Amino acid sequence: MTESSTNTTEWPLWEVFYQPSDGKPFEHAGSVHAPDAEMALLNARDTYARRNEGIAIWVVPSDQITASSPEDRGAFFDPANDKAYRHPQFYSVPRAVKKRK
Amino acid sequence: MDTQKQLDDFQKRIDNGEKIEPKDWMPERYRKQLIRMMSQHAHSEIVGMLPEGNWITRVPSLKRKMVLLAKVQDEAGHGLYLYSGTETLGVTRKELIEDYIYGNAKYSSIFNYPTLTYADICVIGWLVDGAAIVNQTMLAKSSYGPYARANLRICKEESFHKKQGYEMLAKMANGTPEQRKMAQDAVNRWWWPTLMMFGPHDSDSPNSAELIKWGVKTKTNDELRRHFVDRTVMEAEAIGITLPDPELSYNEETGHWDFGAIPWDEFWSVVKGDGPMNLERIKARKIAYEEGEWVRKAAKEYARKRKLEKAS
């Protein structure tokens, strides 16, 4: 890199989440750079909601997010695998009842 | 070093149609290729604002001015989606931008052509954005999750870009003799550079096979180009525009349109920096970046002070 790269300023990174419409859960959209939370919200709106893609936005400093690691996916989610009794398909019901949908 | 087992497992995931996410293991070369491709794509969107921005103050009506402003703002947005996606691969925005302004990073050679008349703005929407849609529709299925998602967002907006251009060109092609001449002249100048946007022929494209193997791309340059030509021939005919290629003819056997030889010498000279606008474009970006530095500094300092005030 050239000399000028040491002098330049980069704003912190924020992750952007938006709610697509009333009652829907928030979704991750991407990220923006901004000096503070207020500007992050404005930048997020201009970047990810120019066409009413959202009715509400969250911005979170990217370094504040803790994520599960993909290598541990198997072990991490393992507790869910052997509990078939958590699903309705595990249970049988009388035929007559089954028909009524 | 990547081990063979890791590489095999990775390939298996790709072949299964799984998406690769930022924290997943990936071959170093996959990461490098994606950084190269995604940042080139991002730079292109940002540089793409310049030829069109050239006409914002001179558009023929208020309506067209609003449309052009919205379109150019979208291009900025596309650049930001893509920079944001590229950063998930472990590079900073600053590195990406500086590699482009002071280093060797490339961007689409199409933006090194000048916009001489307002008809060029129409043709950019129709042809350049039309070609971009063909490419980006494929990239929306890319194996790298953040890249696929960024392209999906882009595609949704790009059809507005193409349609507004096509509509304007249709009007112009149906206008006074002078307007018709202007429209045809712009098409004549942009046609071949647009075909070059898909990149060199498959036989001269060293990266293609690897990118396809890894699912970053799913179609080759020539396949995409052929698809674009097929749909553009009809669109040109419908508005009375002639594509400047006497060899263009329908091939009954293949069901596609055959076209003449692409002037590759011109392509390589523009890629290497000798296009009509290369210097101008990089200069404009450099000025924007360097003269914007005080704004970034001031905003950062303001944020720091406000934080201190709140704490006290």
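A salt bridge is taken here as a side-chain nitrogen of Lys or Arg within 4 Å of a carboxyl oxygen of Asp or Glu. By that rule, the side chains of D74(B) and R51(A) form a salt bridge, at 2.5 Å from N to O.

The model is predicted: local features need pLDDT of at least 70, side-chain atom pairs count only at pLDDT 80 or more, and totals for chains, interfaces and linings use all residues. Residues are numbered from 1 along each chain as its sequence is written, chains are lettered from A and ligands numbered from 1 in the order in which they are written, and side-chain values use heavy atoms, with hydrogens and water left out.

**Interface of chains A and B**

Between chain B and chain A there are 5 salt bridges. Polar contacts (pairs of N or O atoms within 3.5 Å; within protein, one must be able to donate a hydrogen and the other to accept it, and residues adjacent in sequence count only if both atoms are side-chain atoms) link 18 residue pairs across the two chains, both residues being at pLDDT 80 or more. On the side of chain B that touches chain A, the elements giving two or more residues are α4 (62-87), α5 (93-101), α7 (145-173) and α13 (293-311) of chain B. Helices (H or I, at least four residues) and strands (E, at least two) are DSSP runs, numbered from the N terminus. The residues on this side of chain B comprise 8 nonpolar, 5 polar and 17 charged; Ala, Val, Leu, Ile, Met, Phe, Trp, Tyr, Cys and Pro count as nonpolar, Asp, Glu, Lys and Arg as charged, and the others, Gly among them, as polar.

In terms of contact (heavy atoms within 4.5 Å), 30 residues of chain B meet 29 residues of chain A. The two chains bury about 2,500 Å² between them, with 46% of it on carbon and sulfur atoms; buried area is the accessible area (1.4 Å probe) lost on putting two parts together, summed over both.

**Sheet of chain A**

Chain A has an open sheet of 3 strands in the order β2-β1-β3, with antiparallel pairing. Because β2 (27-33) and β3 (56-61) are at the edges with a single partner strand each, one side of each has no neighbour in the sheet. Two strands pair if DSSP finds at least two bridges between them; β1 (residues 13-19) and β3 of chain A are joined by 6. W14(A) is opposite P61(A) in β3(A).

**Side-chain pairs**

| Pair | Type | Distance |
|---|---|---|
| D74(B) and R51(A) | salt bridge | 2.5 Å |
| D9(B) and K5(B) | salt bridge | 2.6 Å |
| E210(B) and Q33(B) | polar contact | 2.8 Å |

D9(B) and K5(B) lie 4 residues apart in helix α1 (residues 4-15) of chain B. E210(B) belongs to helix α9 (residues 208-213) of chain B. E210(B) is 180 residues from Y30(B) in sequence, with 8.9 Å between their C-alpha atoms.
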